Amino acid sequence: MNTTTTTTITAEQPYHHLTPKNHPPPETPTYSQKKLLRLLNTKCTTSLQHLKQTHALILRTDHFQDHYVSGSLANSYANPDFETLDFSVRVFDQVRNPNVFVWNSLVRGFLDNNQPLNALSFYSTKMVGSRSKPNKYTYPLLLKACAVLGAVEEGVQVHAHVVKYGLSGGRHVRSAGVHMYVSFGRVLDARNVLVGGPEPDVVCWNVMIDGYFKCGNVEEAKKVFEDMKEKNIGTWNAMVSGFASCGMIVEAVESFNRMPEKNDLSWSAMIDGYNRGGYYKESLAIFKEMQREKLKPSKFVLSSVLAACANLGAIDQGRWIHRYIESESVPQGAILGTSLINMYAQCGLIDLAREFFDNMKQKEVFTWNAMIGGLAVNGRAEDAIQVFFQMQREKMKPDDITFAAILNACAHGGLVDKGLDFLHSMKQDYGVEPKVEHYGCVVDLLGRVGLLKESEDVINSMPIEPNAAVWGALLGACGKHGNVELGERVGKILLELEPRNSGRYALLSNIYAKAGRWKDVENLRKLMKERGVKTNTGKSLIDVDGTVHEFKMGDGSHPQMQDIYSLLEVVIRKLNLEGYLPKTSEVLFDIDEEEKQTALRYHSEKLAIAFGLLKTTPDTTIRIVKNLRVCDDCHNATKLISKIYNRKIIVRDRVRYHHFENGACSCQDFW
């Protein structure tokens, strides 16, 4: 029998790994309350992985029932960037006899995650009956929740609780109370909260200034500002954003330039102000100035700049911001993510917008609205409907803006039956009451396909008073389909509703001109002159190498205009060889045929396209943004240019996007 011998060899450990005799084993590192709180307030604010590891440490070291630790833990899980509010609630539910700090952490969490109604409900149904009394940090949160919801009755009740607990003198409580009443439009109540106690500090006065501006009382806001003995950056910011919100952009710029010092909010206020006034080029210029000052933009500033890029079609700047967001690890929450979707969609890169949308983790209803709206104006009606139903599958409830976007998609796609189905299902299936803009979309939908009588019937049967936008949709349809009689009748209604809107005169004038009724065109021009109405000049923008160039017909201010004119002559000759015939009915002047052809040649989008051909490489897509609707002549010419020069050309007009390629347009000549 064989015997197997097993020998175990124990290797001698190196000297530096030897454990001295009688030496105790190494101790597990200890974590004090202070160290755990520091972890929660530093590393855990940007990393969910760190947060979960710290949570495990809290449990292992038996610190969970420490109210400051558990409250901070709940607060960390309520970070909206992590999408872990449910974890925050579960942490709260495990805390025995939570103190007011823990309660406040969850109230704040609901508010930070855009759930103000849950914040109020949590307070009224649970916190009020608990052993922990609310404190001066509780009520600013609740007053803000009431302001966000527009909950006037609940706001007054919360204010009564503030008085009951003797907390009305606190700075944060007072400023929140002022802000709440201002948001309700109750300026007198806001003023009473402000002066009903100790001398208000600068923060409270700043809120009052903001309140006066929001209610349109500019003079009172200026008076408070001038009377204030102490001013800080917040005071100046309130003036800048206030002037901007009231459309007083010159005063906003003056205040911005006078500021003794600026912070991130100052630049943000100025950028937002320019955006509100439609000064998008100036908005980008301010952002570039901010970069020269070496200031790091917040996600709110970036969102505002992306909005400016979207309106200008400034794709190079928009892409740079996207790269910056990724390289700097800026948290891409729903607001910033939606801004990126909107920017790409508004610059005509709808597939890129869709790809980004599909990869987004955090989507809110406004994110879905941006995607549906972007698909709609880019002529992707069926895709927009698909996203709408995907929204339902993901349990996201559509709102009135969603339905405006989907009805707009149906209008641009000529999907009459589907559009009418959506209108009828709004209230019945989704509980959304149709508003005037929804009826306007349906009027547009029917009018585009030539159902003018049905379109007028919708207006006459509306349960609410039709506004100028609704009548304007019908007037546009009359122009498209050449119905002079109805167009004249609708046009007169519009000139009564909006006597200073130059676009209404232009539409009616166009209808008269196409019918050869030049006397009526002349009478309209006289009426405009009598009323002091100026014609809205067509202009087109093109972004080349990060610089936005603007073109208007007859404006020779561009330094390369002579080169543009020369190239345009070559383009027109090539168009003529392809059978192009200028559509002179688009010229709204009673001039001879040759002069009409010359006028058509220098439309702003033709100038911008010529500049794009001149300054970009043959593989570059030309992107144009136009403030008016593209005329039939420019549409036909651009189709041919895309074929002759083998270029993709994207034109965004006032109504929608036109993707031109190889002699065809994505709108299929339906716009």
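This is a predicted model: local features need pLDDT of at least 70, side-chain atom pairs count only at pLDDT 80 or more; totals for chains, interfaces and linings use all residues.
Reader: Okay, where is S105?
Author: S105 sits in helix α5, residues 100-112; helices here are DSSP runs of H or I with at least four residues, strands are runs of E with at least two, and both are numbered from the N terminus.

Reader: Is S105 buried or exposed?
Author: S105 is buried, at a relative accessible area of 1%, where buried means under 20%, exposed means over 50% and partly exposed lies in between, using a 1.4 Å probe and protein chains only.

Reader: And which residues does S105 touch?
Author: Leaving aside residues up to four places away in sequence, S105 touches G71, A74 and N75, a contact being heavy atoms within 4.5 Å. The side chain of S105 also reaches the backbone oxygen of F101 at 2.9 Å.

Reader: Switching to rings, how many aromatic pairs are there?
Author: The structure holds 24 aromatic pairs, counting rings of Phe, Tyr and Trp (its six-membered ring) with centres within 6.5 Å; planes under 30 degrees apart are stacked, over 60 edge-to-face and the rest tilted. One of them joins F92 and W103, whose ring centres are 4.9 Å apart with planes at 65°, so the pair is edge-to-face.

Reader: What does the pair of F92 and W103 tie together?
Author: F92 lies in helix α4 and W103 in helix α5, so the pair ties together parts that are 11 residues apart in sequence. F92 is buried, with a relative accessible area of 8%, and W103 is buried as well, at 7%.

Reader: Which rings are linked into a cluster?
Author: Ring pairs link F388, F389, F403, F422 and Y430 into a cluster.

Reader: What about the loop between α4 and α5, which residue is there?
Author: N97 is placed in that loop, and its phi is near 45°, a positive value in a residue other than glycine. Most residues other than glycine have a negative phi. N97 counts as exposed, at 56% relative accessibility.

Reader: New topic: what is the volume of the largest cavity?
Author: The largest cavity has a volume of about 40 Å³. On a 1 Å grid over the protein atoms alone, a cavity is a set of points where a 1.4 Å probe fits but cannot get out, while a pocket is an open set with protein on both sides within 12 Å along at least five of seven lines, and lining residues have an atom within 4 Å of a point. Grid points are joined across faces, edges and corners, and a volume is the space filled by probe spheres set on the points.

Reader: Which element gives the most to the lining of the largest cavity?
Author: That is β3, with three residues, and the lining as a whole includes G313, R623 and Y657.

Reader: And how much space lies in the second largest pocket?
Author: About 870 Å³ of space lies in the second largest pocket, which is lined by 25 residues, with P80, D112, N114, I335 and Q362 nearest its centre. Among the elements that give two or more residues to this lining are α4 and α5.

Conventions:
Residues are numbered from 1 along each chain as its sequence is written. Side-chain values use heavy atoms; hydrogens and water are left out. A polar contact is a pair of N or O atoms within 3.5 Å; within protein, one must be able to donate a hydrogen and the other to accept it, and residues adjacent in sequence count only if both atoms are side-chain atoms.
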